[in-house]
Every structure is written in C-alpha cells, then in structure tokens.
Amino acid sequence: MSTGAVRVRHACPADLPHIARLAAEHARYEQAEPPPADLAGRLESLLFGTAAPRLRCFVAERDDAGIIGYATCAPELSTWDGAEYLSMDCLFLRDGHRGQRVGPLLVEAVRGEARVLGLSQIQWQTPSWNADAIRFYDRLGARAKEKRRFFLSAD
C-alpha cells in the first residue's frame, strides 16, 4: 500500500507513454482487446493536437509511485435530452492504489471539467461484472441505466 501524497492534474505530453501503459492495463483488467501499439501517438493528437482538444485526460500521481491512474472524458450529445453531457470514457487505478480515496479525486476532476464546459451531467459505463466499480459509483451517488453497448465496423 502506498502512502505518498496524491495529486490529480491535467495530463501533459510527457505523460503519454504512462497513459498508454495504463490504458493497456485497463484493457487487460476489463478483459478487452489491447489498445493499438501507437496509442500514445493517437492520444497526442486528440489531447494536444488542437487549441480546443476533443479529449481531456487527468492523471493521478503519487509521490512515491508516479502516475497510478487516469480518467478521460469528452463532451457528447444526448438526442433524448437535447443537451450535451460529459462522457467519462475511462477511469482506472493501478492495482494496489484502489480503495485509497484516489478514485473520488479523479471523478471530482472530471466533475470540475464538466462545470468548466458548462455541462450539467456526466455519463459513463462499466462492465456488469465489475462489482467493485459498481459499489464505488453507488457510493458516489451515481445512478445506473441498463444498456448493452454494440460495436460495428465502418469498413
């Protein structure tokens, strides 16, 4: 168990290799396909390639362990609500750093980003088997909606 001070901040270009490694760990944890080998380069253009980036990323950094987690988010639209919301695409902490009040810091950073963007809601999803994440989100006061996510190639 780490005990160093934790900071959550916007990611910077130097963090990209760490974020790509965390994304690979996240994919393994969720029993998903690994991200592409050039993920750091892809994220660089999404996070830092324009004056108004499409994607935002926060990293959690611990004094004694370096970058231990991340959260990404992007504005999206809801036709049913006729409004934008902030979609939290990823929230992940390395094993050994969960349950230490770091997750709420990342969520609060995403909430702050929603406020900066003038958005009143954040939405996200987690696998139905991830009971620990579901308990965490329940403790935050989040409400769940049951849906299935589908993927279809555009090719």
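Strand 3 and strand 4 form a hairpin, with 4 residues between the two strands. Gly 82 sits in the turn and has a positive phi of about 60°. These values come from a predicted model. Strand 3 covers residues 66-78. Its pairing with strand 4 is antiparallel and extends over 10 bridges. Within strand 4, Glu 84 stands opposite Leu 77.

Strand 4 spans residues 83-93 and is mostly covered. Of its 11 residues, 8 are buried. Strand 4 also pairs with strand 5, residues 122-123. This pairing is parallel and has 2 bridges. Leu 86 has Ile 122 of strand 5 as its bridge partner.

Strands of a sheet pair through backbone hydrogen bonds, in either the parallel or the antiparallel sense. Strand 1 and strand 2 (residues 56-62) run antiparallel and are joined by 5 bridges. His 10 stands opposite Phe 58 of strand 2.

Arg 7 lies in strand 1, which comprises residues 6-10. Its relative accessibility is 37%, so Arg 7 counts as partly exposed. The cut-offs are under 20% for buried and over 50% for exposed. Leaving aside neighbours within four places in sequence, Arg 7 is in contact with Val 59, Ala 60, Glu 61 and Asp 63. Ala 74 is 67 residues from Arg 7 in sequence. In space, the two are 21 Å apart, C-alpha to C-alpha.

A further contact involves helix 1 (residues 16-29) and helix 2 (residues 39-48). Their axes come within 9 Å and cross at roughly 115°. The crossing is right-handed. Helix 1 contributes Leu 16, Ile 19, Ala 20 and Ala 23 to the contact. These meet Leu 39, Ala 40, Leu 43, Glu 44, Leu 47 and Phe 48 of helix 2. The contact residues divide into 9 nonpolar and 1 charged, with no polar residue.

Definitions and conventions:
Residues numbered from 1 in each chain as written. Predicted model: local features only at pLDDT ≥ 70, side-chain atom pairs only at ≥ 80, totals over all residues. Heavy atoms only, no water. Axes fitted to C-alpha atoms, helices over the stretch in contact; angles between N-to-C directions. Left-handed = near helix turned anticlockwise from the far one by under 90°. Contact = heavy atoms within 4.5 Å. Nonpolar A, V, L, I, M, F, W, Y, C, P; charged D, E, K, R; others polar. Buried < 20%, exposed > 50% of the residue type's maximum accessible area, 1.4 Å probe, protein only. Pairing = 2+ DSSP bridges.
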